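Please consider the sequence and the three-dimensional model shown below.

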Amino acid sequence: MGFWSWFLIWTGLGIGSLVVLGLIGKSLLNSSGEVVHQIERIMVPVQTLVSAMNTKPESIDKESDLLTPVGDLEASRAKLLKQKSKKRALRQRRLRSAVKHIDVNESRFTND
């Protein structure tokens, strides 16, 4: 092969690579347009979020628990523990009732 044939091959490869590069650039340009559109859509909620983050809420000072009588604290703790045990018992009753009334012929238990 002579000089001109190699010259034409390499010229064709160079032009082909420029065409592919142009197609990739056009694709990136189209994608960036979609990204800009999505950014414009999300800017309103982001701006409200940023303004909410910039406003500082007023701090409310609570009274110290050191001056509260121990009996009151123990009573409130006992009340919370009683509520917690009631919730746990209710959850167990619901589970037992669900297990008692289970239908094994239901479609989720069969292989059909």
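The model is predicted. Its protein chain contains two helices and zero strands. Helix H1 covers residues 3-54, and helix H2 covers residues 70-100. Taken along the principal axes, the C-alpha atoms fill a box of roughly 105 × 60 × 25 Å. The radius of gyration of the protein chain is 36 Å, whereas a compact globule of 112 residues would have a value near 13 Å.

How much of the protein chain is made up of buried residues? The share is 0% of the 112 residues; buried here means under 20% relative accessible area. The accessible surface amounts to about 11100 Å², and carbon and sulfur atoms account for 64% of this area.

Within this surface, Val35, Ile39, Ile42, Met43, Val46 and Val50 make a nonpolar patch of about 470 Å². One of these residues, Ile42, lies in helix H1. Ile42 is classed as partly exposed because its relative accessible area is 47%, a value between the 20% and 50% cut-offs.

Charge is the next topic. The protein chain carries 17 positive and 11 negative side chains, and 9 Å separates the centres of the two sets. Arg77, Lys84, Lys87, Arg88 and Arg91 form a positive surface patch. Among them, Arg88 belongs to helix H2. The relative accessibility of Arg88 is 43%, and therefore this residue also counts as partly exposed.

Conventions: Residues numbered from 1 in each chain as written. Predicted model: local features only at pLDDT ≥ 70, side-chain atom pairs only at ≥ 80, totals over all residues. Heavy atoms only, no water. Patch = residues over 30% accessible without salt bridge, like charges linked within 9 Å, V, L, I, M, F, W, Y side chains within 5 Å. Areas by Shrake-Rupley, 256 points an atom, 1.4 Å probe, with all protein chains shown as cover. Salt bridge = Lys/Arg side-chain N within 4 Å of Asp/Glu carboxyl O. Lys, Arg positive; Asp, Glu negative; His and termini not counted. Charge placed at Lys NZ, Arg CZ, Asp CG, Glu CD. Helix = DSSP H or I, 4+ residues; strand = E, 2+ residues; numbered from the N terminus. Buried < 20%, exposed > 50% of the residue type's maximum accessible area, 1.4 Å probe, protein only. Rg over C-alpha atoms; globule rule 2.2 N^0.38 Å.
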